[in-house]
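Please look over the structure below. A short report on selected helices, loops and backbone features follows it.

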Amino acid sequence: MALSALDLFSVGIGPSSSHTVGPMKAARDFADGLRTDGVLELTTRVRAELFGSLGATGLGHGSDKAVILGLLGHDPRTVDTAAAGELVAAAVEGGKLELAGERPIAFDEDDDLILHRRRSLPGHPNAMTFHAFDDAGALLRERTFYSVGGGFVVAAETAGADSAGADSAAADAAAPPYPFTTGAQLLAHCDAEGLSIAGVMLANEVVRRTEAELRTELLAIWAVMQDCVENGCTREEELLPGGLKVRRRAPALREKLRATEAASAGRVPDPLWAMEWVNLYALAVNEENASGGRIVTAPTNGAAGIIPAVLHFYTRFVPGADEDKVVEFLLTAAAIGILFKENASISGAEVGCQGEVGSACSMAAGALCAVLGGTPAQVENAAEVGIEHNLGLTCDPIGGLVQIPCIERNAIASVKAINAARLCLQGNGEHKVSLDAAIETMRQTGADMKTKYKETSRGGLAVNVTEC
């Protein structure tokens, strides 16, 4: 099953696609399965166990809350983010929950939701097992799921299936006309057919849905990204959730930038003024993510600010930007993201932050290069530069929270992506290191990286900076 652009860009809830969105999807899937199998009415207790990175940093990432919301029947795409905390508190404090939204059962958080900080399962660092019991304590159902990054969830019984967790619309679709799993194959299609990278993606997408439907979906994704920036700039709470007491910067920064522009009488305040706004866009998105707000995985929540920041830069500061170019940007970025998903990983728990921020930087760099007029070869070059200079990036969130270094890291990578695109537009697309080679290097580097640097909060900044 081929991946869709709508797999890479899905709407969810912060602060983490792998630790929040994935567990919520898995818990809901488990609860729905009980109904489908006809055992929901027999169930009087459920127990969820989280392993590996989910167990180590689940509390900071809201994995415990996500599991409860999923068991209640909520979906990360539609859950009321403002009410989510109250829904969880009601279940925990009341000692009961409505399983799958309809079956009242007792719930004891201490006994029924277990985070194993030092235990892992062999299938993936982000693993969870759900159990359902009847009134006599007999086991009715047991299922294990893996949250493999970007909100993708794979059931243990189907692990290894092609593109598991991908867009369900693809299940009945015809084979794409231009299949690719490598950058070389993608460029070969472009050369043979005279298509852009976005053109190849579009041709593959329209076997699942019409071009008009795809355009509507992608522009809806762009609208959520814009709303996310606005929400991040207008939140009234001074501090981000969690024990780090990190202050929000986006609201005050936007006021400052607007005041500076108003006082400049139409003149550009300094040659790099656009970068001030790029920083703002990225900070706003990732502060909103840290607050548990509505987020687009791009390709993950931890790296969700980069593509919106670069796309906002393009639409605001580049003449001629329009909705057609927004669609081209997102299709190009998705094609690049598919290469990472197919050949390495977008999971910080699996390969470190190079798989999240590195992948997003590469996607944004290539996409910007494309809408600025780059050839497919130049786009591939920009994407390669975007990941090459993020190789080895570790995932070491302080306190298990998606705040430090995650928020600033998105701002820095956004600027890096813009520079990569501009750099490669000055060349002809020829370069020594291919995107495929860089992605394979990322995979190997992630495999060699010590586990403590892969979203466990047991290495790096997480142990060298006091949390409070």
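## Helix 9 against helix 11

Helix 9 and helix 11 are roughly perpendicular to each other, because angles of 65 to 115 degrees count as such. The angle between them is about 80°. Their axes lie 8 Å apart. Bear in mind that this is a predicted model.

Helix 11 covers residues 273-290. Helix 9 covers residues 211-234. From helix 9, the residues in the contact are C228, V229, N231, G232 and C233. They meet L280, Y281, A284, V285, E287 and E288 of helix 11. By class, the contact residues are 7 nonpolar, 2 polar and 2 charged.

## Helix 12 against helix 17

Helix 12 is made of residues 306-317. It packs on helix 17 at an angle of about 50°. The axes of helix 12 and helix 17 are 9 Å apart. The two helices are therefore oblique to each other. The crossing of helix 12 and helix 17 is right-handed.

Helix 12 brings I306, A309, V310 and F313 to the contact. Helix 17 brings N410, A413, S414, A417 and I418. Of the residues in this contact, 7 are nonpolar and 2 are polar. No charged residue takes part.

Helix 16 runs over residues 376-388. Its length checks out. At 1.5 Å a residue, its 13 residues should span 18 Å. The C-alpha atoms at its ends are 18 Å apart, which agrees.

How many of the 13 residues of helix 16 are buried? The count is 10, so helix 16 is largely enclosed by the rest of the structure. The buried residues are Q378, V379, E380, N381, A382, A383, E384, V385, G386 and I387. They pack against helix 7 (183-193), helix 8 (197-205) and helix 13 (323-343), among others. Their partners also include helix 15 (357-371), helix 17 (406-425) and helix 18 (435-448).

## Helix 4 and the glycine after it

Helix 4 spans residues 63-71. Of its 9 residues, 8 are buried, so helix 4 is largely enclosed by the rest of the structure. The buried residues are S63, D64, A66, V67, I68, L69, G70 and L71. Just after helix 4 comes G73, with a positive phi of about 100°.

## R47 in strand 2

R47 sits in strand 2, which covers residues 45-51. Is R47 buried or exposed? Its relative accessibility is 19%, so R47 counts as buried. The cut-off for buried is under 20%.

Neighbours within four places in sequence are set aside here. R47 then contacts D111, D112, I114, T129, F130, H131 and F133.

## The loop between helix 9 and helix 10

E238 and K245 both belong to this loop. Leaving out residues up to four places away in sequence, E238 touches V246, R247 and R248. E238 and R249 are 11 residues apart along the chain. Their C-alpha atoms are separated by 8.8 Å.

K245 is not a glycine, yet its phi is positive, near 55°. K245 is exposed, with a relative accessible area of 61%.

Most residues other than glycine have a negative phi, and most peptide bonds are trans. E455 has a positive phi of about 60°, although it is not a glycine. Where is E455 found? E455 is in the loop between helix 18 and helix 19, the latter being residues 461-464. E455 is buried, with a relative accessible area of 3%. K245, by contrast, is exposed.

Two peptide bonds deserve a look. From G14 to P15 the bond is cis, with omega near 10°. P15 lies in the loop between strand 1 (11-13) and helix 2 (17-36). The bond from I404 to P405 is cis, with omega near 10°. P405 is in the loop between helix 16 and helix 17.

Technical notes. Residues are numbered from 1 along each chain as its sequence is written. This is a predicted model: local features need pLDDT of at least 70, side-chain atom pairs count only at pLDDT 80 or more; totals for chains, interfaces and linings use all residues. Side-chain values use heavy atoms; hydrogens and water are left out. Helices (H or I, at least four residues) and strands (E, at least two) are DSSP runs, numbered from the N terminus. The expected span of a helix is 1.5 Å times one less than its number of residues. Buried means under 20% relative accessible area, exposed over 50%, partly exposed in between (1.4 Å probe, protein chains only). Contact means heavy atoms within 4.5 Å. Axes are lines fitted to C-alpha atoms, for helices over the stretch in contact, and angles run from 0 to 180 degrees between N-to-C directions. Angles under 35 degrees count as roughly parallel, over 145 as roughly antiparallel, 65 to 115 as roughly perpendicular and the rest as oblique. A crossing is left-handed if the near helix is turned anticlockwise from the far one by less than a right angle, and right-handed if clockwise. Ala, Val, Leu, Ile, Met, Phe, Trp, Tyr, Cys and Pro count as nonpolar, Asp, Glu, Lys and Arg as charged, and the others, Gly among them, as polar.
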